[in-house]
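Please look through the sequence and the model below before reading on.

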Amino acid sequence: MTYGVTFPLWREAAGETWRNYTRHAFVEGMRDGTLPREAFLRYLVQDYVFLVHFSRAWALAVTKAETLEEMRACAATVHALLDEEMRLHVETCAAEGISEADLFAAEEAPQNLAYTRYVLDAGHSGDFLDLMAALAPCVLGYGEIGARLAAHADETVYAEWIATYSGEDYQRTCRDVGAMIDAAVARRLGPAPEESPRWPRLADRFRTATRLEVGFWDMGLSG
Ligand SMILES: Cc1ncc(CO)c(N)n1
């Protein structure tokens, strides 16, 4: 999955951190079905809270945008998170006797706090590109993981998770976000963005968010 031209460059710059995220033991446990249910549910409850704050960060992107196209793409992502992706969390948890009110009230794990507030701060202290560099590993990383697992997973109890992230709705969101980031980078940094003095810092933000994704999976495994 490439999702545009900027994402592959940032992913490459993140080096083995990207692999640690997308090939994490938690991910492989969903692929082959060996992930303990308890770890999955712990993760899913935290991930619901993550998505609440992640939606806020995309809403912040609407206010940081410079064009109507950017505003539309960011608003559409807020909608996709709140009304499509979170359905997985609500329905899976409901089947386990965990209500949406319980999810909303769940106490955030430190790894969750660190990640979401890092992303929000990237947006508050920086501009639209700073925010996009911090948001990209989440959206596009899950797209990449979902597509790989759909192609290579065993018959697994985690099929619904895999179907959510490999499904057409989520993959379309990833393609749209990838294209929007390419246009946003070209608009602000010109035709040779890698030569811009801002480039190393954007790549660094992307890698930091990727490190925080690794921490999020670690949390799921360790409690
Ligand atoms: C931690 C995390 N990263 C990315 C996504 C994809 O939106 C998610 N649901 N949770």
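Helices here are DSSP runs of H or I with at least four residues, strands are runs of E with at least two, and both are numbered from the N terminus. Counted in this way, the chain of this predicted model has 11 helices and zero strands. Read from the N terminus, the order of elements is α-α-α-α-α-α-α-α-α-α-α. The radius of gyration is 17 Å, close to the 17 Å that the globule rule gives for 223 residues, so the chain is as compact as a globular protein of that length. Along the principal axes, the C-alpha atoms occupy a box of roughly 50 × 35 × 30 Å.

A UniProt record, an unreviewed entry, places the feature "domain: Thiaminase-2/PQQC" at residues 16–221. Over that stretch the chain is 83% helix and 0% strand.

How is the chain packed inside? Of its 223 residues, 40% count as buried. Among contacts between residues at least 6 apart in sequence, 81% join residues at least 24 apart. In soluble globular proteins, nonpolar side chains tend to be buried together. In this chain, the largest nonpolar core has 63 residues, and Leu-131, Met-132, Leu-135 and Ala-136 have the most contacts inside it. Helix α8 gives the most to this core, with 14 residues. Ala-136 shows what such contacts look like: leaving aside neighbours within four places in sequence, Ala-136 is in contact with Phe-7, Trp-10, Ile-181 and Phe-206.

Which residues are around the ligand? They are Asp-47, Phe-50, Leu-51, Glu-85, Cys-138, Val-139, Tyr-142, Glu-213 and Phe-216. The elements that give two or more residues to this shell are α4 (37–64), α8 (128–152) and α11 (199–222). By class, the shell has six nonpolar, three charged and no polar residues.

From Glu-28 to Gly-126 the separation is 98 residues in sequence and 35 Å in space, C-alpha to C-alpha.

Technical notes. Residues numbered from 1 in each chain as written. Predicted model: local features only at pLDDT ≥ 70, side-chain atom pairs only at ≥ 80, totals over all residues. UniProt positions renumbered as here; feature names shortened; annotations may be inferred. Near = placed C-beta within 6 Å. Nonpolar A, V, L, I, M, F, W, Y, C, P; charged D, E, K, R; others polar. Core = buried A, V, L, I, M, F, W, Y, C linked by C-beta atoms within 7 Å. Buried ≥ 20, exposed ≤ 12 C-beta atoms within 10 Å, placed from the backbone. Contact = placed C-beta atoms within 7 Å. Rg over C-alpha atoms; globule rule 2.2 N^0.38 Å.
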